[in-house]
Each structure stands twice: as C-alpha cells, then as structure tokens.
Amino acid sequence: MSGLAARLREETRDTHMRAERAGIMPDFLRGQIERRTYARLLRNLHGVYDALEPAMQRHALSPFIAPFVHPGLWRRDALEADAAFFGGAEWRALPLEPAAQELADRLNASGDPEVVSAHAYVRYMGDLSGGQALRGVVRRIFTLPDDHGVAFYTFPAIPDFGAFKTAFRASLDALPVTDGGDAIVAEALESFAAHERLFEQLATPR
Ligand code: HEM
C-alpha cells in the first residue's frame, strides 16, 4: 500500500491511540459506561454527522467527495434512533460538548471539499473498523435484544466491510491532491485531536 491511504494510516496512528485511551474510552471498552453517558456520546456524534453529511452533500460533485458518497454510509438517522433509544425523547437536549461543536463548526464553515474528505475518512473508516468492536461492547453492556440500540454500527447496505474499506483506500489514493495529501492529513489529525477532547469532555458528568 502506498499513497494517501498509507500516509493517513501511518500519520494518524499515534493520535488514534491517544483517542482510544482518552476520557470515557478505556472504561467504555471495558464495558463500563452509564446509559446517560452513552446517550451523551451518541448525541455528540450526531452533532458531528449532522455537519459532516450535509457538507458531503454540498460537495457531492467534487472529485474529493464524490467517491465517498454512498447512501449506505449515512449515519444521521441511525444515530437519531440510537440516541432516542438510550436518551429518550429528550436526547436532543443533551449538551453538545465544545469539541463536538468545534468539529461541526469546522465542517459547516468549510467551503473546501478536501477538508471534508479528511473528516469522512476519520469517521467512516473508523466506524467500519474499531466501531465494529464497539458494537459488541454496547450489546453486552446493555444486554440489548436483537439489534436495538446499535443502528449506528450497522450498515445493511454494505455487505463486505473488507472490500468496502479496500475501495475506500483506493479512492483516497486516487484523489487529485496537489500537495501530496498534506492538507488532508493535517485535517485528519485535527479531527482525531478533537475526538480525543470530546471523549475527555464526556468524562465530566453533566
Ligand atoms: C475506541 C476504541 C477504538 C478501537 C478499539 C479502534 C480500533 C481500530 C482498529 C482495530 C482499526 C484497524 C482496522 C483495520 O485495519 O481494518 C482501526 C482503524 C481505524 N480507526 Fe479506530 N478504534 C477506536 C477508536 C477510533 C476513533 C475514536 C476514531 C476516530 C475518531 C477511529 C478511527 C479509525 C480510522 C480512521 C481507522 C482506519 C485506519 C486506516 O486504516 O487508515 N477509531 N480502529
């Protein structure tokens, strides 16, 4: 593997590890998270996708975004369903943490499809990778019947995650970057750092 996909994987490795270990994450992975905290996580992720997905739609014709527009990826409806399942009808009133607001602001302000593509990489490749381990954790913690509450981790329109991720990486490598991918890598690093802060902010009860 060479090119932008390899750069992203290698250059975000450290920040990925920091995000995995930040704030609520270690306890979450060990199966220890309160229902309300999990609802807060979902509410905040909804805030991020609620900026990411419209930004992708705005730039759908851009060569930086078109390869990643796949209706089976959209997570907003799934997050709404899960947030309502765990947080009840009032889930939207749960606070948006500063780091989630910051991510949303970056995406809302961005007229630059390259910036948006970096966030698509961080979120969707993450959801299709580590997110799949979290699905099992969530089902165990809350002893969920069937697939209730885990719509966020469920991609019915993507039958083969391995093949999908291989194609996603090939699309990253084919992006018409003029800087070797520096801008996308830099924005992906910003996104991971904001996620790290988000997990820390969620560790404070609210
Ligand atoms: C919290 C626990 C997490 C675990 C256990 C975890 C685990 C993993 C694993 C095992 C992979 C490699 C899968 C593969 O090669 O196909 C991966 C990839 C990835 N994860 Fe995570 N992850 C976590 C959190 C996150 C978070 C919070 C984000 C983003 C905010 C994220 C974004 C990514 C991305 C973008 C990749 C793809 C890397 C690449 O191949 O380019 N992960 N994760």
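Arg106 counts as partly exposed, at 28% relative accessibility. Partly exposed means between the buried limit, under 20% relative accessible area, and the exposed limit, over 50% (1.4 Å probe, protein chains only). Arg106 forms a salt bridge with Glu187, and the closest N and O atoms are 2.8 Å apart. The pair links distant parts of the chain, with Arg106 in helix H6 and Glu187 in helix H10 (residues 182-201), 81 residues apart. Glu187 is buried, with a relative accessible area of 8%.

A salt bridge here is a side-chain nitrogen of Lys or Arg within 4 Å of a carboxyl oxygen of Asp or Glu. Helices (H or I, at least four residues) are DSSP runs, numbered from the N terminus.

## About the model

This is a predicted model: local features need pLDDT of at least 70, side-chain atom pairs count only at pLDDT 80 or more, and totals for chains, interfaces and linings use all residues. Residues are numbered from 1 along each chain as its sequence is written, and side-chain values use heavy atoms, leaving out hydrogens and water.

## Other salt bridges

The whole structure holds 14 salt bridges. Glu97 forms one of them with Arg40, with the closest N and O atoms 2.9 Å apart. Glu97 lies in the loop between H5 and helix H6 (98-109) and Arg40 in helix H4 (residues 35-58), so the pair ties together parts 57 residues apart in sequence. Both Glu97 and Arg40 are buried.

Glu53 forms a salt bridge with Arg76, the closest N and O atoms being 3.7 Å apart. Glu53 is in helix H4 and Arg76 in helix H5, 23 residues apart. Glu53 is buried, at 1% relative accessible area. Arg76 is partly exposed, at 22%. Arg7, Glu11 and Asp182 are linked in a network of salt bridges.

## Aromatic rings

There are ten aromatic pairs. Rings of Phe, Tyr and Trp (its six-membered ring) pair if their centres lie within 6.5 Å; planes under 30 degrees apart count as stacked, over 60 as edge-to-face and the rest as tilted. Phe86 and Phe142 have ring centres 4.9 Å apart and planes at 55 degrees, so this pair is tilted. Phe86 is buried, at 6% relative accessible area. Phe142 is buried too, at 14%.

## The iron atom

His16 (NE2) is the only protein donor of the ligand's iron atom, at 2.1 Å. Donors are N, O and S atoms within 2.8 Å of the metal (3.2 Å for Na, K and Ca); water is not among the atoms, so sites may look incomplete. His16 lies in helix H2 (residues 13-20).

Conventions. Helices (H or I, at least four residues) and strands (E, at least two) are DSSP runs, numbered from the N terminus.
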